[in-house]
Amino acid sequence: MGKDPLPDEEIAACLAELPGWAREGDTITRAFSVRYHGGVALIVNVADVERLVGHHADIDLRWDHVRFRITTHDAGHRLTAADFDLAARIDRIAAAHQAQAHNA
């Protein structure tokens, strides 16, 4: 997956394909409502996929939700195609865990 920084127009187009993800500077973020132990299981599944694709999110676990923040560190903390690929993978894993959108 490409790790060249994307222009703003392409970032906007990618975000349009990923409802629930929001841009915060040079990161994209999304939170899912899930109970604590379900959040741990969700994180373990995401970590397995991250290891396979060689790209990782920053993850924040709370008692009632999990927040993912993604950027490409080795592209100068900029958004790349790899970030949006990982976001789509996280969405599929979260759906398998029946995690819902979390309104922060």
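Mentor: Residues are numbered from 1 along each chain as its sequence is written. In this predicted model, local features need pLDDT of at least 70 and side-chain atom pairs count only at pLDDT 80 or more, while totals for chains, interfaces and linings use all residues.

Trainee: Thanks! Why is D83 called buried?

Mentor: Buried means under 20% relative accessible area, with exposed over 50% and partly exposed in between (1.4 Å probe, protein chains only). D83 has a relative accessible area of 0%, so D83 is buried.

Trainee: What does D83 touch beyond its neighbours within four places in sequence?

Mentor: Contact means heavy atoms within 4.5 Å. Leaving those neighbours aside, D83 is in contact with I28, H55, I70, T71, T72 and R78.

Trainee: What makes strand β2 largely enclosed by the rest of the structure?

Mentor: Six of the seven residues of β2 (residues 27–33) are buried, so this strand is largely enclosed. Strands here are DSSP runs of E with at least two residues, and helices are runs of H or I with at least four, numbered from the N terminus.

Trainee: How do you know that β2 and β4 pair?

Mentor: Two strands pair if DSSP finds at least two bridges between them. β2 and β4 (residues 65–70) have six bridges, in the antiparallel sense. A31 stands opposite R67 in β4.

Trainee: And over how many bridges do β2 and β5 pair?

Mentor: β2 and β5 (residues 100–101) pair over two bridges, also antiparallel. There, S33 stands opposite Q100.

Methods:
Heavy atoms only, no water.
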